[in-house]
Structure formats: structure tokens, C-alpha cells
Amino acid sequence: MSINTVGVIGAGQMGNGIAHVFALAGYDVVMNDIDQAALDAALSLIDGNLERQVSRDKISKEDAQATMDRISTTLVLADLGKTDLVIEAATERESVKAKIFEDLVPHLEPHTILTSNTSSISITRLASRTDRPEKFMGFHFMNPVPVMQLVELIRGIATDDETYQQLKDVVDRLGKTSATAEDFPAFIVNRILMPMINEAVYTLYEGVGSVASIDSAMKLGTNHPMGPLELADFIGLDTCLAIMNVLHEGLADTKYRPCPLLTKYVEAGWLGRKSERGFYDYRQDPPVPTR
Ligand code: CAA
């Protein structure tokens, strides 16, 4: 069964990037959200990001237009039922994802592959809430999706070989590279990245360094494109905290306990770039460290 149409659930940071790269690779994309304003904002973001690729001679103007023409939006989850592949990229909360799958499953074609872009939640557990654990996989894109080369592929305990191979082929058609991870908390990228970010927040919390010195040290000392605190703001501090909690609870090891300062920022609603304040204050240009 070939994959030609793709449904994307969630029009946020990850969902709009995923819709962008699939439409650019020639797939017909239906993007769903519960909020029309979020769908409108996603379309205008995709348009702007395609424009950026045109201005850097990465793609032609015609490609950008054809990409936009291949994306449609809907507030009705059931409209995704006819697609060949569904990618869930909603909020990183298990109850939200489980409810989406429960509502979607009755409308799906028998052949449809179901995936989640979850960055840490058990694929086997999510799959068990659907009618097709053998056609269910973790399909984890990195942010910003149009730029990052990697897609993590996570097989649940029941995922069949055909589904895995089909998704591997999809990653190739997107022009990206896959890395396969076993289904354990936070998989590969976040199992390694999040404890580093959490340790950077501890370094700040204990007064070892300021925001500026921690980020400079890691950018210039280890050639990372962003410092860990700048990267945490970019990912979203609520997402970082949610992933640390999954590691802490899933592996039952105190080395994964989230830093209290990370929790405090999230409780304040200082979630990073998306709320204009996190370890930096983005209401000023250039952004100013908040500690
Ligand atoms: N869409 C399309 N193109 C984009 C883009 C977007 N959203 N954002 C950036 N670009 C392009 C730019 O056009 C530019 O293209 P050229 O190389 O052709 O000039 C290129 O990306 C670099 O962008 P900029 O020059 O604007 O900025 P930069 O050099 O500072 O790079 C960055 C920005 C790519 C984000 C870089 O800072 C970076 O790689 N940061 C680290 C990102 C990272 O680690 N992501 C993974 C996070 S973890 C994750 O996602 C997993 C999870 O579950 C939490």
C-alpha cells in the first residue's frame, strides 16, 4: 500500500513543520486542530518558512506555491480518516493523545498507519489504546522540522515489519535520515539531551554560572549551535519538564529529577520563546537573560 495522503493532528510548532516537509515532498496533507486560529497561524508560518527557503535558493517559487496548494486544514478530526498515514503532534500529555486516538480510530481506513510525534511517551502504551498496535509507531521529528535532518523511528512491541519499512521509506522520500530507537522512556535524543538541559538549569540554580556564561560555555566550548538554556527556551520549558518527568517516573532513578528552578519557570508561565519569556526575555531584541 503506497502512502500518498497524510493527516497531521495539531498545528503547533511541530505540526506545522511536519505539514511543511510532507507537502514539500509531494504528499497531500490534511492538517487538523481544535482551534481555527491555530490552523490559520500555522498556514501563515509555513508560508513564511517556505519563503525563507525560496530566498536562500533552496526551493523555487513554484515549489513553494505547489507546497501550499497541497495543504488543507480541518477542524473535524474524522476528516483524517481517509488518509494513508496519520501523525499525531498534539500537546505532550498522554491523556490528550489517548483521547484523540479514541475519537479518530472509528473513522480510519483499515490500511492507515497511525503514528505519534511524542518525544517521550511509551509507544507500546499509546498503541494499546488503538485498534491497530501492529500499524502504530513513534515518528519523532526534531525542531525546526524543515531544517533538522533526523527522524527517530520507534517501534512498539507489536509494530510489524511492513509498517516499520514503510515509515523508513517515507523518511527517505522526505530527504531526511532515520535513527531507530527501542521503546524506552524518551527514546534516544531526549534521553541524552534533556538530562543535559536539566543539568544546565541545576548549574544556574546552584549559582555555578549565569544564563549568559552557561550558554557561552557550551556554545563556544562544545560547538553546539545553541547553548542549553537558549535551546530549552526554543523547545519550550513545559515540554522539557514533561520529558524529565517521563524519564524520572519511567526509569525510577533520582538522577532524572527535574531541577526545581525549571519547575518554577514553568509554574510562572515562563515557557520560553512561545510565551516571550523563559531563561531569556524575548520582548527585547536582542533577548536579555532573566538571571
Ligand atoms: N523553516 C525553514 N528554514 C528554517 C527554519 C524554519 N523554521 N528555521 C531556520 N531555517 C533555516 C534558515 O533559512 C537557514 O538556512 P540556510 O542555512 O540555507 O541559510 C538555516 O535554517 C539556519 O537558520 P538561521 O541562519 O536563521 O539561524 P541559525 O544559523 O542560528 O540556525 C537553528 C538556527 C537551525 C535553529 C540552529 O540554531 C540549530 O540547529 N539549533 C539547535 C536546534 C536543535 O537542537 N533542535 C533539536 C531540538 S530537540 C527536539 O526537537 C526534540 C524534542 O523532542 C524536544
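How many aromatic pairs does the structure hold by the ring-centre rule? The count comes to nine, where rings of Phe, Tyr and Trp (its six-membered ring) pair if their centres lie within 6.5 Å, with planes under 30 degrees apart taken as stacked, over 60 as edge-to-face and the rest as tilted. The model is predicted, with local features requiring pLDDT of at least 70 and side-chain atom pairs pLDDT 80 or more, whereas totals for chains, interfaces and linings use all residues. Residues are numbered from 1 along each chain as its sequence is written, and side-chain values use heavy atoms, without hydrogens and water.

Because Phe22 belongs to helix H1 (residues 13-24) and Phe141 to strand S6 (residues 136-141), the pair ties together parts 119 residues apart in sequence. Helices (H or I, at least four residues) and strands (E, at least two) are DSSP runs numbered from the N terminus. Both Phe22 and Phe141 are buried, meaning under 20% relative accessible area, with exposed over 50% and partly exposed in between (1.4 Å probe, protein chains only). Phe22 and Phe141 form one aromatic cluster with Tyr27 and Phe139.

The criterion is NZ of Lys or CZ of Arg within 6 Å of the ring centre and within 35 degrees of the ring normal. The charged end of Arg155 sits over the ring of Tyr164, 4.9 Å from the centre.
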